[in-house]
Amino acid sequence: MPIDTTLVLLTVEEAARRLGIGRTVCYRLISSGELESVTLGRLRKVPAEAVPEYVARLRNNNNRSDVRNAA
C-alpha cells in the first residue's frame, strides 16, 4: 500500500507502519511522550511531521552514544 504523503494527521496504525513497528509499540511511544500525538474528538492522531522528528531524535541519541563509546 503506497504512503499518502499529503496527510497531515496519521492514525496510530499509519504512524506505526511508517516507522516499521507494531501498533502496540507505537502506543507505548505515545504514552511515554516520545512520539507526539493529538486528540481529535475521540481519536488519537500522530502529526505527520512527528514521525521524522522522532527518527531524528533517535539518530541524534545513537550518534551521541557512538561518540561516547569511541572515547
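Reply: Contact means heavy atoms within 4.5 Å. Not counting residues up to four places away in sequence, Lys45 touches Leu9, Leu10, Thr11, Ser37, Val38 and Leu40. This is a predicted model, in which local features need pLDDT of at least 70, side-chain atom pairs count only at pLDDT 80 or more, and totals for chains, interfaces and linings use all residues. Residues are numbered from 1 along each chain as its sequence is written, and side-chain values use heavy atoms, with hydrogens and water left out.

Me: Which side chain of opposite charge is nearest to Lys45?

Reply: A salt bridge places a side-chain nitrogen of Lys or Arg within 4 Å of a carboxyl oxygen of Asp or Glu. Lys45 has none, and the nearest side chain of opposite charge is Glu14, 5.5 Å away.

Me: At what angle do helices α1 and α2 pack?

Reply: Angles run from 0 to 180 degrees between N-to-C directions, and axes are lines fitted to C-alpha atoms over the stretch in contact. Helix α1 (residues 12-19) and helix α2 (residues 23-32) pack at about 105 degrees, their axes 9 Å apart. The two are therefore roughly perpendicular (65 to 115 degrees). Val12, Glu13, Ala15 and Ala16 of α1 meet Arg23, Cys26, Tyr27 and Ile30 of α2.

Me: What does Leu19 contact beyond its sequence neighbours?

Reply: Leaving aside neighbours within four places, Leu19 is in contact with Leu35, Val51, Tyr54 and Val55. Leu19 itself is found in helix α1.

Definitions and conventions
Helices (H or I, at least four residues) and strands (E, at least two) are DSSP runs, numbered from the N terminus. Angles under 35 degrees count as roughly parallel, over 145 as roughly antiparallel, 65 to 115 as roughly perpendicular and the rest as oblique. Buried means under 20% relative accessible area, exposed over 50%, partly exposed in between (1.4 Å probe, protein chains only). Lys and Arg count as positive and Asp and Glu as negative; His and the chain ends are not counted.
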